Amino acid sequence: MNKTIIQDLGEYSGNHLWIKREDLIPFSFGGNKARKAELFFREIDSSDYNCVVTYGSSSSNHCRVISNECCRRGLKCCIISPEEASEPTFNSYMMELFGAEMKTVPVSEVHDTIEDTLRRLREDGYRPFFIEGGGHGNTGTEAYVQCYREIVEQEQELGVHFDHIFFASGTGTTHAGLVAGQLLNGDEREIIGISIARKNPRGRDVVIDSLRSYLGDRVSEDEIQKKTVFIDEYVTGYGKGSPEVTALITDILKRYGISLDPTYTGLAFRGMTEYMKNISGKNVLFIHTGGTPLFFDLLRRKE
Ligand SMILES: *Cc1c(COP(=O)(O)O)cnc(C)c1O
C-alpha cells in the first residue's frame, strides 16, 4: 500500500503537532481497519477461502471494511453482533448494503454463536476464514509494524524526529504493532496508547500479550514492559462520548478541516491534549486511525 501522508499542523499547545492520516487510506473510508484488512485479504486471496466470519458492534469500522472487502470479491460475509450495541449507524447501513449476513445475539452468546456459525458453514461445504473482532491478532499487529516502518521512513523524508506518538488503543492491536515496530527498530521515543474502553491493568496486559505473541523471544520481557504505555484516564464507557470530546471535535474540524469521532480518535486526541500540558517544545505525532462514518453519526445526533 502507498504511504499515508503525515501532515504538519504546526504549533499546538506549546509543542509541534503532526498527524498521520490513516483515515485517508483509499478503501472504504480508510482507517486502521482498512490497513489490517489488506493483510487479511492477502491471505484469503492466496487460498481457497470462500467465506469470512467476524464479529463487532453495529458501529464497528472493522465490520464495515471487512464486509466491503467481501462484497467486492463476491464472498459471503457473516457478522455476529452483540445486541447490547446494535442501534443502527452509518457503518451498519453500509454492512447491510454490502450484503453481510448479520446475526445479533446477547453479548454472552457471541462466542458460541461464532463457533456455531463456523461449524454450520463447514457442514454446508464452505471454507470460512475467521477474523477476530477489530482485526486482533498477529496479522493485525503486523499491519502496524509496517506502519511504524513507514513512519520511520517519513521522518527521514521530512527531517523530523517524533518524540511522542499518540493514538486510540482499543483491542490493542494497533498499539502492539507500533511498539513491536519500535522494539525491532531499536529507537527511542514514547509511544502512548490512549484507551478508548479498557482500564488498567487489563488493557495494558492485552497489548503486552499481543506483543509477546508477535515477537516470540526476539525481544526481552523487560523491554516489552518498558515500552508499553497505556493511559486509561479518559475512558467514558465505549462509544458514549462526552461533552468535552464533542467540543474538541468541533474545534479541530473548524481549525484544521479534519474530522474526529467521539468513540476513538476524538477521545485519543483529548488524551493527547491533556498530556501535552506537561511537555513543551516536542515533536508530537497523532495517528488518525479513521472512523469517519462515526463522525457523521455524531453530526446526526446533534440535529
Ligand atoms: C478499531 C479502531 C481503533 C482501535 O484500534 P485497535 O487496533 O483495535 O486498538 C482506533 N480508532 C479507530 C477509528 C478504530 O476503528
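Angles under 35 degrees count as roughly parallel, over 145 as roughly antiparallel, 65 to 115 as roughly perpendicular and the rest as oblique. This is a predicted model, where local features need pLDDT of at least 70, side-chain atom pairs count only at pLDDT 80 or more, and totals for chains, interfaces and linings use all residues. Residues are numbered from 1 along each chain as its sequence is written, and side-chain values use heavy atoms, with hydrogens and water left out.

I start with two helix pairs. Helices are DSSP runs (H or I, at least four residues), numbered from the N terminus. Axes are lines fitted to C-alpha atoms over the stretch in contact, with angles from 0 to 180 degrees between N-to-C directions.

Helix H2, residues 61-73, packs with helix H3, residues 90-97, at about 20°, the axes being 9 Å apart. H2 and H3 are therefore roughly parallel. On the H2 side, Asn-61, Cys-63, Arg-64 and Ser-67 meet Asn-91, Met-94 and Met-95 of H3; contact means heavy atoms within 4.5 Å.

Next, helix H5, residues 138-158, and helix H7, residues 202-215: their axes come within 10 Å and cross at roughly 85°. That makes H5 roughly perpendicular to H7. H5 contributes Asn-138, Thr-141, Glu-142 and Val-145 to the contact, and H7 contributes Ser-210, Ser-213 and Tyr-214.

Now the ligand. Around the ligand are 15 residues, of which Lys-33, Asn-61, Gly-170, Thr-174 and Thr-289 come nearest; the criterion is a heavy atom within 4 Å. A polar side-chain atom of Asn-32 is 2.9 Å from a ligand oxygen atom. For Thr-171, a polar side-chain atom lies 2.7 Å from an oxygen atom of the ligand. Thr-289 has a side-chain N or O atom 2.6 Å from a ligand nitrogen atom.

Notes
Polar contact = N/O pair within 3.5 Å; in protein donor to acceptor, adjacent residues only side chain to side chain.
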